[in-house]
Amino acid sequence: MSWLAKINLNTVVLRLGTFRSAILLLALITTCLFCGYRMGNFFHAYQEQTLEQQKQRLDNLYRKQSEQTRRINTLEVELEVERLANQKSQKLLKEMEAQHYQVKKELAFYEKVMAPEKQADGVVIDNIVISATASPHHYRFQVTLVQQKVKKRYAKGHVELNFVGSLDNKPYKINVNKMAELSKKQLSFNFQYFQMIQGEFTFPENFKPEKLTLSAIMPKSRWQSYQRVDESYPWQTVLENIPQTPLLILD
């Protein structure tokens, strides 16, 4: 930059004259303005091009995001449809399993009655169900007896229900047959093929049952000898209404 310091404007003016110096100065200013204008246009065009490229890139990103969002929504809808279809299939399968179980249960029951040659010979306690009622400590029971003899005669007798548990934290036993709510007739049976015995009973307030002992007793008579079958069931199992199949058979 030392050469600029050596330039004497007065000397230039004196040599070129005032008019030529003014023309030179104007030319220099015009040249600077033109160069600045061209450079400004160049950078402006470059910036516009860059902005346009960035805009296109941003538009592409928005478009891809929109497509991805739409695809995610579609997949979520399909997933929900599949989930609902799976729930419906599971529900239908459970219903079919329940129906199948019920049919097999009924078939096994009637097979015991109508085709006793396939079963052991005798009278059995086929099922015992106890269900709670809306009243506290009050229950209903249903006992199903089946005769499996090939040559069936009428089986006559009665059932006896005993509950073993604790009352006020002490061992206690309750004989349902002695409760006032049940008559002797309600606990009696007289059947050739099968019979259901039903009734209701109420436990003492502080009684906690643990086990049920069920007996089918046929006293000795002219047409039958004394016979008895005893079965024992845990209280919780019976209360949950799970069918029980006794192993002991009355011959």
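Trainee: How many salt bridges does the count come to?

Mentor: Keep in mind that this is a predicted model. The rule asks for a side-chain nitrogen of Lys or Arg within 4 Å of a carboxyl oxygen of Asp or Glu. By that rule, the count comes to four.

Trainee: Which residue forms a salt bridge with Glu-80?

Mentor: Look along helix H2, residues 9-114, where both members of the pair sit. They're three residues apart there, about one turn of the helix. The closest N and O atoms are 2.4 Å apart, and the partner is Arg-83.

Trainee: Is Arg-83 buried, exposed or partly exposed?

Mentor: Buried means under 20% relative accessible area and exposed means over 50%. Glu-80, at 35%, falls in between. Arg-83 has 39% relative accessibility, so it also counts as partly exposed.

Trainee: How far apart in sequence are the parts that Glu-200 and Arg-140 tie together?

Mentor: These two form a salt bridge, with 3.0 Å between the closest N and O atoms. Glu-200 belongs to strand E6 (residues 194-202) and Arg-140 to strand E2 (residues 138-147), so the pair links parts whose separation in sequence is 60 residues.

Trainee: What distance separates the closest N and O atoms of Asp-230 and Arg-228?

Mentor: Asp-230 is partly exposed, with a relative accessible area of 32%. Arg-228 is partly exposed as well, at 37%. The two form a salt bridge, and the closest N and O atoms are separated by 2.9 Å.

Methods:
Residues numbered from 1 in each chain as written. Predicted model: local features only at pLDDT ≥ 70, side-chain atom pairs only at ≥ 80, totals over all residues. Heavy atoms only, no water. Helix = DSSP H or I, 4+ residues; strand = E, 2+ residues; numbered from the N terminus. Buried < 20%, exposed > 50% of the residue type's maximum accessible area, 1.4 Å probe, protein only.
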